[in-house]
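Work through the exercises below with the structure open. Each task is followed by a stepwise solution.

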Amino acid sequence: MKIYVSRDSAAKALGADEVAEALTAEIDASGIRGEIIRTGSRGMVWLEPLVEIDAGQGRMAYGPISADDVPALLGGRIDSLGLTEEIPFFARQTRLTFARCGVTDPLSLSDYETHGGLVGLRRALVMSGEEIVDEVKVSGLRGRGGAGFPTGIKWDTVRLARAAQKYIVCNADEGDSGTFADRMIMEGDPYTLIEGMAIAGLATGATRGYVYLRSEYPDAIAVMEEAVKRARAAGILGADVLGSGRTFDMEIRSGAGAYVCGEETSLLNSLEGKRGVVRSKPPLPALEGFLGRPTVVNNVISLATVPVIFEKGADFYAAFGLGRSKGTIPVQIAGNVARGGLFETAFGMPLGELVEEVAGGTASGRAVKAVQIGGPLGAYFARDKFDTPFGYEDFDGQGGLIGHAGLVVFDDSADMLKMARFAMEFCAVESCGKCTPCRIGAVRGVETLDRIAAGDSAAVEVLTDLCEVMKDGSLCALGGFTPYPVMSALQAFPEEFAGVKEAAE
Amino acid sequence: MHPQPSAEDIRELLGRHLHLEGPLLPILHDIQNSFGFVPQTAVPVIAEALNLSVAEVTGVIGFYHDFRKAPAGRHVLKLCRAEACQSMGSEVLAARILSLLGVDWHGTTTDGRITVEPVYCLGLCACAPAAMLDGRVHGALTEARAQRLVEALA
Ligand SMILES: Cc1cc2nc3c(=O)[nH]c(=O)nc-3n(C[C@H](O)[C@H](O)[C@H](O)COP(=O)(O)O)c2cc1C
Ligand code: SF4
Ligand code: FES
């Protein structure tokens, strides 16, 4: 009998370690023949700790399981949810990037290879840099870190740049509320990120790579460090990648708790050991990046998706999706939801379907009021925008952005003026300080929202002007996009900004 | 308690990172992991080793939320204040915990037991509200569970 328990942070946060310990103790005490395997998460966080038992009929799911439930579980007295992969939330997905996550032991290289790992890298090793880049272009892969810039084009710029040393830098800063896909893939299938970075290295001629990983993720840091060590020992990284004579090696670096370091040029400054201040562009990092050398800066999911594109082919990947949003997107469903977790699906599913059907509405059982998409710089969508299909252009057309594809659901008790104020406050705390509209504007924004809250409805016009200035005058999206949550909250819920508090008194 | 490092200690620790490209953040993390904070006395030693000015090193330390200029309490409790946690009542929960401990954000209890810090997302947004206590994660936190967690600490 094989028993699977996740070692993902979200599972641990809900007690998975205690469950695994109880299982070990119970197996020892009862003489049951069972092997416990710690996997990544299947992404169904509301079922964590999820225990899967395979006694020959496939992996049957039980969850949430507490340590106290373990004797009953092994005694066969707890009802199963059925085969894990037939649970509707799971069965409805298209898992390409996350295909192995939750299935394998994250650090087992033999598991990795048994489930399709390294096929892509082996294929890339016999291709020219140009051919690799073309494959990525055909796949239609766009940056999953927010801006949606075509990955193949970015790689081509680095490939064509002439320099003695080039770099691949993975942006694992994942600071947005509501996002955890980067964390989940790093904890649950770290070799896919390593493989993606190695392929990026082959494509561009970069022989060195860094993962800049936020310090708020100690578990992910530990898994990635161990994975790099094992990949090096197995000859996947190093001076002779899989015996090809090609070189690629990489390191894990920790951030130090600054949201703005997710912005690529700020990240590069931080990696160099400087203050994480945003650099003005040009020059592009692709030409003058880390230590002034040509550098690919890509998000975790962008890079971790590259292996499956090479394993299954660019055309296979590009066949999924909607319009210019090709392939799949790991949607992260969070906040006040009945079924929170990671849901990988082809682009195109309407927002409302994700929130109402997949996530099952709110956890509190109250009506859904608003969904913030794309982190603290993303817009709030009220229900009237629920038919918006999940795609870069479609969200843009509705005055929003996908960002890292995190959805944060709020029920009808949410105070939208407070949320708008929080957006400004966050911008003030996290501003790198380089430009005035962001550094000062955010502070003024908080004050203006306080005036509105105190009943001064004339301040709404001031707020609107201020948002215009921040949008037009900020150097990066921290200051430039803070108006999204603020203005979308104002536009969708004007009555909450109308000085009603004064009238009620 | 963490020991107070000497210049010699800092120099020795530094040596482990000098081969890196961009060694400053790894150095600062290592100092903080070893001593619990980044002492002012370490700054000139780092500056000299990396050929930077004292002002530059000070500027870097000050820029990042992680680095402390003084030791924290024996335990560090980070409570998430970002949006997904807010949607599940994290602000009320945090207010209760802070008042239970008699501290404000960044404050340390008078017995030196616990420092409470805000954090903006731990990636546990699907099981909010979330917290991290001495590097260990906790999700779907309730007031009762949070209270048990902090009361169990020595
Ligand atoms: C304030 C700010 C924070 C950002 N945070 C992240 C982040 O945490 N992770 C990320 O991949 N991209 C982040 N980005 C976007 C990056 O600047 C960059 O576009 C991205 O890493 C490029 O990778 P991609 O092409 O694979 O998306 C952020 C941008 C801004 C302006
Ligand atoms: S917008 Fe804000 S974070 Fe971005 S460069 Fe300007 S001051 Fe820095
Ligand atoms: S918002 Fe609190 S863990 Fe993400």
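**Exercise 1.** Determine what kind of site ligand 1 sits in, and which elements of chain A build its shell.

*Solution.* This is a predicted model.
Step 1: list the elements that give two or more residues to its shell. They are β9 (295-299) and α20 (477-481) of chain A.
Step 2: β9(A) contributes the most, with 3 residues.
Step 3: sort the shell by class. Around ligand 1 there are 9 polar, 6 charged and 4 nonpolar residues.

**Exercise 2.** Find the residues that come nearest to ligand 1, and the backbone atoms that its oxygen atoms approach.

*Solution.* 
Step 1: take the shell of 19 residues; A:G145, A:K154, A:N298, A:N299 and A:S302 come nearest.
Step 2: look for polar contacts, with N or O atoms within 3.5 Å. A backbone N or O atom of A:G145 is 2.8 Å from a ligand 1 oxygen.
Step 3: A polar backbone atom of A:E174 lies 3.0 Å from an oxygen atom of ligand 1. For A:E264, a polar backbone atom is also 3.0 Å from a ligand oxygen.
Step 4: check the cover. Ligand 1 alone exposes 610 Å², and the protein buries 92% of that.

**Exercise 3.** Describe the backbone at A:E174, A:P282 and A:P283.

*Solution.* 
Step 1: start with A:E174, in the loop between β6 (167-172) and α9 (181-188) of chain A. Its phi is positive, about 20°, although A:E174 is not a glycine. A:E174 is also one of the residues with a backbone contact to ligand 1.
Step 2: go to the loop between α12 (264-271) and β9 of chain A, where A:P282 is found. The peptide bond from A:K281 to A:P282 is cis, with omega near -5°.
Step 3: move on to A:P283, in the loop between α12 and β9 of chain A. A:P282 and A:P283 are joined by a cis peptide bond, with omega about 5°.

**Exercise 4.** What kind of space does ligand 2 take, and which residues are closest?

*Solution.* 
Step 1: identify the space. Ligand 2 takes up the largest cavity.
Step 2: read off the neighbours. Of 13 surrounding residues, the closest are A:C432, A:K434, A:C435, A:C438 and A:C476.
Step 3: classify the shell. Ligand 2 has 8 nonpolar, 4 polar and 1 charged residues around it.

**Exercise 5.** Report the confidence scores of the model and of chain B.

*Solution.* 
Step 1: the model has ipTM 0.97 and pTM 0.97.
Step 2: chain B has an average pLDDT of 95, and 98% of its residues score at least 70.

Methods. Residues are numbered from 1 along each chain as its sequence is written. Chains are lettered from A and ligands numbered from 1 in the order in which they are written. This is a predicted model: local features need pLDDT of at least 70, side-chain atom pairs count only at pLDDT 80 or more; totals for chains, interfaces and linings use all residues. Side-chain values use heavy atoms; hydrogens and water are left out. A residue is near a molecule or strand if one of its heavy atoms lies within 4 Å of it. A polar contact is a pair of N or O atoms within 3.5 Å; within protein, one must be able to donate a hydrogen and the other to accept it, and residues adjacent in sequence count only if both atoms are side-chain atoms. Accessible areas come from the Shrake-Rupley method with a 1.4 Å probe; for residues, only the protein chains shown count as cover. On a 1 Å grid over the protein atoms alone, a cavity is a set of points where a 1.4 Å probe fits but cannot get out, and a pocket is an open set with protein on both sides within 12 Å along at least five of seven lines; lining residues have an atom within 4 Å of a point. A molecule sits in a cavity or pocket if more than half of its atoms lie within 2 Å of its grid points. Helices (H or I, at least four residues) and strands (E, at least two) are DSSP runs, numbered from the N terminus. Ala, Val, Leu, Ile, Met, Phe, Trp, Tyr, Cys and Pro count as nonpolar, Asp, Glu, Lys and Arg as charged, and the others, Gly among them, as polar. pLDDT is the predictor's confidence in each residue, from 0 to 100.
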